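Subject: Structure handover

Hello,

Please find the structure below, followed by notes on what was found in it.

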Amino acid sequence: MLMKKLIVDFAADQTSASREDFVICSICLFCFQVCMLCSVGYHLFSCHRSEKTCRRWMALDYAGISIGILGCYVSGVFYAFYCNNYWRQVYLITVLAMILAVFFAQIHPNYLTQQWQRLRSIIFCSVSGYGVIPTLHWVWLNGGIGAPIVQDFAPRVVVMYVIALLAFLFYISKVPERYFPGQLNYLGSSHQIWHILAVVMLYWWHQSTVYVMQYRHSKPCPDYVSHL
Ligand SMILES: [Zn+2]
């Protein structure tokens, strides 16, 4: 359903979209879908009687989250630095390198162990938190907080981070089931809230991307930024 809605949104802007837009949006949607499918697979097979299989799916679930984050970055960086080819390439390459590094960490045999639990959280927080750097750079390149384009789009990034932070807090704190043990086994557990918030976040980000894309198509790049 989500996939259909996302495709329809992009198709609606077909008249002004270039091939580049379709490639970027396809990568983004593909990443979101892989993220969701890995998660579905993990939850479906987490009751598998072989512990090894179960852990493999769990690793895949983590890898899926990285791919989902990559999808957010690719579209975000692409449209934020639409008029700035140099920085766009710099950030796309660093994001790709970072996600690859996380991948290699994830195939480490110790990755899913209890001892690495803190490290796992640190890795995910840094991968998601890294986005603050291109965002601040983008604000600076566009003339600071007061610039109309920044006032238009920066709150969208902030909202995304608030949703992501909320999702993460539910994920690690295990609220509300820690206060109602045994009562939320089927409905209302923190992990369900985490998944709902993750979908809301991906959808919000997709809406913002479409918004920025339409803005970029309607307003050509100003000359002064092209040399930065
Ligand atoms: Zn899950």
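**Contacts between H7 and H8**

In helix H7, Phe153, Arg156, Val159, Met160, Ile163, Ala164, Leu166, Ala167, Phe170, Tyr171 and Ser173 meet Ser190, Ile193, Trp194, Leu197, Ala198, Val200, Met201, Trp204, Trp205, Ser208 and Val212 of helix H8. Two residues are in contact if their C-beta atoms, placed from the backbone, lie within 7 Å. Helices (H or I, at least four residues) are DSSP runs, numbered from the N terminus.

The model is predicted: local features need pLDDT of at least 70, side-chain atom pairs count only at pLDDT 80 or more, and totals for chains, interfaces and linings use all residues. Residue numbers start from 1 along each chain as its sequence is written.

**Helix packing**

The axes of H7 and H8 are 8 Å apart, at an angle of about 165°. That makes H7 roughly antiparallel to H8 (angles over 145 degrees count as such, and under 35 as roughly parallel). Axes are lines fitted to C-alpha atoms, for helices over the stretch in contact, and angles run from 0 to 180 degrees between N-to-C directions. The crossing of H7 and H8 is left-handed, meaning that the near helix is turned anticlockwise from the far one by less than a right angle.

Helix H3 (residues 51-80) and H8 cross at roughly 20°, and their axes come within 9 Å. H3 is therefore roughly parallel to H8. This crossing of H3 and H8 is left-handed as well. On the H3 side, Gly68, Cys72, Ser75, Gly76 and Tyr79 meet H8 residues including Leu202, Trp205 and Arg216.

**Helix H7**

Phe153, Val157, Met160, Ala164 and Phe170 of H7 are buried, that is, 20 or more other C-beta atoms lie within 10 Å of their own. The buried residues of H7 pack against helix H5 (117-129), helix H6 (132-141) and H8. Just after H7, Lys174 has a positive phi of about 60°.

**Annotated site**

The unreviewed UniProt entry places a "binding site" at His43, His191 and His195. They are spread over 153 residues of sequence but cluster in space, with a largest C-alpha distance of 11.3 Å. Such annotations may be inferred rather than shown by experiment. His43 is in helix H2 (residues 19-45), and His191 is in H8 (residues 190-218). His43 is partly exposed because 13 other C-beta atoms lie within 10 Å; for His191 the count is also 13, so His191 is partly exposed (the class between buried and exposed, where exposed means 12 or fewer).

Regards

Terms used: Helix = DSSP H or I, 4+ residues; strand = E, 2+ residues; numbered from the N terminus. Parallel < 35°, antiparallel > 145°, perpendicular 65-115°, else oblique.
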